[in-house]
Every structure is written in structure tokens, then in C-alpha cells.
Amino acid sequence: MHELGVVFHIMDTVEKVAAENGAEGISKVVLELGEVSTVIESYLQNCWKWAAKKRELFAKAELIVEKLPAVTYCEGCGETYPTVEYGKICPYCKSADTWLLQGSEFNIKEIEVYGRQ
């Protein structure tokens with residue numbers, strides 16, 4: 001389960017941002033999670049709840065996950081299509097000359113803090 005490592009990475013990053021901005025605590029973190037990122041949202045949420053109890057800064061923090069759809073680009077015809085539905089083969093021209101445009105990433109989109117100094 002690499003989700004715990006992902007949570008630690010997110011929390012470490014958020015802690016640095018909070019320290020730079022004099023925040024006393026985090027109330028919300030919004031994460032963009034790609035549809036084919038290999039991170040399982042339910043595991044991520046469970047790890048978040050466990051880890052938040054271990055770090056005072058996150059005692060009241062909520063994790064909000066926004067899904068990013070996986071989109072593939074076809075070099076053959078220049079079209080984009082939903083990756084999960086069609087896979088590597090373009091549904092328009094049947095080319096395998098495709099690459100993932102979006103959907104494997106996870107990004108911290110927003111951090112909501114309280115008690116700024």
C-alpha cells in the first residue's frame with residue numbers, strides 16, 4: 001500500500017507551506033487525483049485519517065479528492081479519447097501510436113488553513 005507514503009509526502013509538503021505562511025493548523029486539503037494514477041482513493045482517505053491523528057497541524061484537516069479523468073492523445077489522427085474506456089488503441093483511427101495526456105498525476109490543488117499569524 002503506497003498510499004501511506006503518498007499521504008506522508010502530501011503532509012510534508014503542506015507542513016512546509018503552512019510554516020512559510022504562519023498557519024496554526026490545516027482545515028482542508030484538496031487533492032487532484034488522476035483516474036489511472038494507481039492511488040486508490042479509499043486507501044488514501046483511510047491513511048489520511050490515521051496520519052492526521054499523528055500530526056497536530058492536521059488534527060482538524062479534511063482531505064477532499066477531485067478525480068481527474070484519464071485522457072489519451074492519438075498521434076495518428078490528433079484526437080483525444082477516454083483512456084479507461086478504450087485503452088491504448090484509438091477508437092477513431094485504430095492507431096496504437098497514442099500517449100496518456102492526463103490522468104496519472106496527483107496534485108495538491110488547494111490548502112485551507114486557520115489561525116494565520
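This is a predicted model: local features need pLDDT of at least 70, side-chain atom pairs count only at pLDDT 80 or more; totals for chains, interfaces and linings use all residues.
The overall dimensions come next. Taken along the principal axes, the box filled by the C-alpha atoms is roughly 55 × 30 × 15 Å. Of the 117 residues, 37% count as buried. The chain exposes about 6900 Å², and 51% of this area is supplied by carbon and sulfur atoms. Among contacts between residues at least 6 apart in sequence, 71% join residues at least 24 apart. As for charge, there are 12 positive and 18 negative side chains, with the centres of the two sets 6 Å apart.

In soluble globular proteins, nonpolar side chains tend to be buried together. In this chain, the largest nonpolar core has 22 residues, and I26, L44, W48 and F58 are those with the most contacts inside it. Two or more residues of this core come from each of α1 (3-20), β1 (25-34), α2 (41-52) and β2 (62-68). The largest share, 6 residues, is given by α1.

What does F58 contact, leaving aside its neighbours within four places in sequence? The partners are M11, V14, E15, I26, W48 and A52. Two of these, I26 and W48, are themselves listed with F58 among the core residues with the most contacts.

Two loop residues can be followed in the same way. V39 is placed in the loop between β1 and α2. Is V39 buried or exposed? Buried means under 20% relative accessible area, and V39 counts as buried because its relative accessibility is 10%. Not counting residues up to four places away in sequence, V39 touches H2, E3, V6, L33 and L44. Of these partners, L44 is one of the core residues with the most contacts. The C-alpha atoms of V39 and I108 are separated by 14 Å, and the two residues lie 69 apart along the chain.

The second residue, S95, is found in the loop between α3 (83-86) and β5 (98-102). At 17% relative accessibility, S95 also falls under the cut-off and therefore counts as buried. With residues up to four places away in sequence not counted, S95 touches C74, G76, K88, I89 and C90.

How values were computed. Residues are numbered from 1 along each chain as its sequence is written. Side-chain values use heavy atoms; hydrogens and water are left out. A nonpolar core is a set of buried Ala, Val, Leu, Ile, Met, Phe, Trp, Tyr and Cys residues joined through side-chain atoms within 4.5 Å. Buried means under 20% relative accessible area, exposed over 50%, partly exposed in between (1.4 Å probe, protein chains only). Helices (H or I, at least four residues) and strands (E, at least two) are DSSP runs, numbered from the N terminus. Contact means heavy atoms within 4.5 Å. Accessible areas come from the Shrake-Rupley method with a 1.4 Å probe; for residues, only the protein chains shown count as cover. Lys and Arg count as positive and Asp and Glu as negative; His and the chain ends are not counted. The place of a charge is taken as NZ of Lys, CZ of Arg, CG of Asp or CD of Glu.
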